[in-house]
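Welcome! Let's walk through this structure together, one question at a time.

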Amino acid sequence: MSAIPLVPGGHVHEWHLPSRGRIGMYCLIIGESAIFTIFVVAYVFYIGKSLSGPTPQQVLDVPIFNTICLLSSSVTIWLAERAIERNSLRTFGLWWAATITLGIVFMIGTGIEWYKLIYHDGLTIRTNLFGTTFYSLVGLHATHVVVGLSMMLIVFLFTLTGHVRYENSERIQVLALYWHFVDAVWVVVFTVVYIVGR
Amino acid sequence: MADRTLPIDGSLDLTPPREEHESTILETLHAWVITVDHKKLGLMYMMMAIFFLLVAGGEVLCIRIQLALPNNHFLSPQVFNRLFTMHGTTMVFLVGIPLVFAFANYIVPLQVGARDMAFPRLNAFSFWMTLFGGIFLYYSFLGGGGLYGVGNAPDVTWWAYAPLTSRAFSPGNATDYWALALIVTGFGTLGGAVNVIATAISMRCKGMTLMRMPLLVWLMLVDSALLLVTITPLTAAQIMLVIDRYLGAHFFDTQAGGSAVVWMHFFWIFGHPEVYVLVFPAFAIASEVIPVFSRKAIFGYPAMVAASVGIAFVSLGVWAHHMFTVGMTSAGNAFFVLSTMLVGIPTGIKIFNWLATMWGGKIRFHVPMLFCTAFLFQFLAAGLTGIMLSVAPLDWQLHGSYFVIAHFHYILVGAIVFNTFAGIYYWFPKATGRMMSETLGKWHFWLFLIGFHLTFDTMHFVGFEGMPRWIYTYPADRGWANLNLLISLGGLIQGIAVLIFAYNLISSLLNGKIAGNDPWDAWTLEWSTASPPPDYNFSTDPVVHSRRPLWDLKHPEDPDWKYE
């Protein structure tokens, strides 16, 4: 929030500081990136080191559809941000709902993938190093998706009751920043797990 | 109720007189428990830090009684292991980190001319998470048995190496208390760090550009930024540890191809920057106290800022100097030798600048300045023994010996605790409106100095004599007995000094001399408002034109902005 106090003498000086919500979210993103980096390093270090059990090549299918859904959700949330900046609240609500839907589809897809891995391929977190690092890294990302979806759902409920307006666009953008971060992490996780690691 | 007729920007105290009314004890307690005010939260962090300092101090006094004589049986080896684990864990996470946020929370909003931190409710959340984590850790003394009935407080040392921490070698819940309590305090720390950064960047008063911020604010900003990427690797590693212990994962399980060395890397990627996180408040306090008591502005402000940022960056690349004896490649060892030595450059710049500030100044040796002067010598010595340890072949001889303990306690006690005392003596008048006793303060200082040097200077030698760490006793024929006795004696003297300090704190609170707004004739914004400050901090939003706004107001014929 910028402070523009009136100085006696009648003139107003421009004193603009970055928004604290945005700075706070960037800080959170930096911290979370550090956590993800440690899990990615563990994943990369342990590639090919499992002593037994299923290998990535044997059991992993590249989740193209899931990835397209999640990355498109970044586009839809961007469209929602632009809509609320123009005060088009109905358009905002539609794009926001689209984002949530795409996120939920991603989670369902992950669930289906994990069901297959656990029950058909016998890969659990305790099976081998691949299982350990795969479920913790992808699971950590999925947890962040769930947190993002919960926040967006709350905003959606407030939208339906008419409480979200043009004045809240700054806060919507801060939340969208988090969602973009979650998508960026998926790009890294996807590359490391399904491309480099297979 | 600000007086809107006032013409002067950022003027000296204009606080309306406080209304006096009696609160019941319950009302007072309630006000403190629900507060989101940065001043109360800062004081609560400080109370938590002092409390756990006394607890961990008690733990180490037990350790020193056990080690004072050879073949002693005051403590069993199991209890000894728990005590040094809890001593280290408590001091780092329940004293060191809370001290960062105690000073940052209280002082940063006041020095930037803001009404509160950027996120007051997050501030409260962070404090209570930190405190809860601490209580949770100490509950392990009672509840660490778990299903297996084995164990008590964690006894795996404060860095909890794998595979000692695996289910097989640490049954019971002691290790879980260690990991989970620190994950909880870690979230509190992350919240606090986000808050400090957002406050320093987004809440500065008009005219306060980044290069006009007090150095304390700069150091807390850099410290918090470092914390974002320091505490999080530990959280990640501890999550991996908990997953290993409870879900049968294999992150650190050598039987399944995992690696215990991975834990070491992850831990020290946290652990080394962490010690810089802990020492930055000491730098911050020195950068505030030394100029005021030398009656000179800090020498080389831009270099101090650059050096702080430099130290933060370099500290991220030196972690494996804790692992020289693990058997990394020669190239690996060499890289970390050089990167560790590199940190001496920005640190040296800071020491030279503090000295240059004192040079030619009119030095007043009040208690805060006594502690800061001792800090300068002790921090330099600690840096030098650090450079000694950074030479890998010498480290191969000294790793795991008392020389290392002497080195890091020279920083933790000699730099951090000394400057914490300096900071408390310096800002106590602002926070409470009363001065601490100079006489008791001088007794505290000299006793603590003598005790500190008796203990930790001697400890370097007993380390050279080959005494290893983590042993609960030693035979009489090693030649360590006399040195250990001296070390323990020094510990006792430090304990007495700290008791004098605690007495000073309480008696000054009750009937110290009234301080007024600006007892030290200082130059930063916190001294322009009442002591203690009103809830809203400043009656009018301050406007600053230089790094020393109060100097400009007190000396309008010779303002700083002509020279900056």
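Helices here are DSSP runs of H or I with at least four residues, numbered from the N terminus. Keep in mind that this is a predicted model.

Q: In which loop is N71(B) placed?
A: Helix 3 of chain B covers residues 77-112, and helix 2 of chain B covers residues 38-68. The place of N71(B) is in the loop between helix 2 and helix 3 of chain B.

Q: What is the phi of N71(B)?
A: Most residues other than glycine have a negative phi. N71(B) is a residue other than glycine with a positive value, and its phi is near 50°.

Q: Where is R295(B) found, and what is its phi?
A: R295(B) sits in the loop between helix 7 and helix 8 (301-315) of chain B. With 13 other C-beta atoms within 10 Å, R295(B) is partly exposed. R295(B) is a residue other than glycine with a positive phi, near 55°.

Q: Which residue does a cis peptide bond join to S531(B)?
A: Omega of this bond is about -10°. The cis bond joins S531(B) to P532(B).

Q: Which residues are in contact with A431(B), leaving aside its neighbours within four places in sequence?
A: A431(B) is found in helix 13 (residues 402-432) of chain B. It has 20 C-beta neighbours inside 10 Å, so A431(B) counts as buried. Its contacts are L43(B), Y106(B) and P532(B).

Q: How many Å apart in space are A431(B) and I107(B), C-alpha to C-alpha?
A: In sequence, A431(B) and I107(B) are 324 residues apart. In space, C-alpha to C-alpha, the value is 9.7 Å.

Q: Is helix 2 of chain B roughly parallel or roughly antiparallel to helix 15 of chain B?
A: The axes of helix 2 (residues 38-68) and helix 15 (residues 481-511) of chain B come within 9 Å and cross at roughly 155°. Angles over 145 degrees count as roughly antiparallel. Therefore helix 2 of chain B is roughly antiparallel to helix 15 of chain B.

Q: How many residues of the contact of helix 2 of chain B with helix 15 of chain B are nonpolar?
A: Helix 2 of chain B brings residues including G57(B), V60(B) and L61(B), and helix 15 of chain B brings residues including G491(B), G495(B) and V498(B). The contact has five polar residues and one charged residue, and the nonpolar count is eight.

Q: How does helix 3 of chain B lie relative to helix 6 of chain B, oblique or roughly antiparallel?
A: These two helices pack at an angle of about 130°, with their axes 10 Å apart. Because of that angle, helix 3 of chain B is described relative to helix 6 of chain B as oblique.

Q: Which residues of helix 6 of chain B make the contact with helix 3 of chain B?
A: Helix 3 of chain B contributes V100(B), A104(B), I107(B), V108(B), Q111(B) and V112(B). From helix 6 of chain B come L216(B), V217(B), M220(B) and D223(B).

Q: Which helix supplies the largest share of the side of chain B that touches chain A?
A: The contact takes 35 residues from chain B and 31 residues from chain A. Helix 5 (174-202), helix 6 (215-247) and helix 7 (260-294) of chain B each supply at least two residues of the chain B side. The largest share, ten residues, comes from helix 6 of chain B.

Notes:
Residues numbered from 1 in each chain as written. Chains lettered and ligands numbered in written order. Predicted model: local features only at pLDDT ≥ 70, side-chain atom pairs only at ≥ 80, totals over all residues. Contact = placed C-beta atoms within 7 Å. Axes fitted to C-alpha atoms, helices over the stretch in contact; angles between N-to-C directions. Parallel < 35°, antiparallel > 145°, perpendicular 65-115°, else oblique. Nonpolar A, V, L, I, M, F, W, Y, C, P; charged D, E, K, R; others polar. Buried ≥ 20, exposed ≤ 12 C-beta atoms within 10 Å, placed from the backbone.
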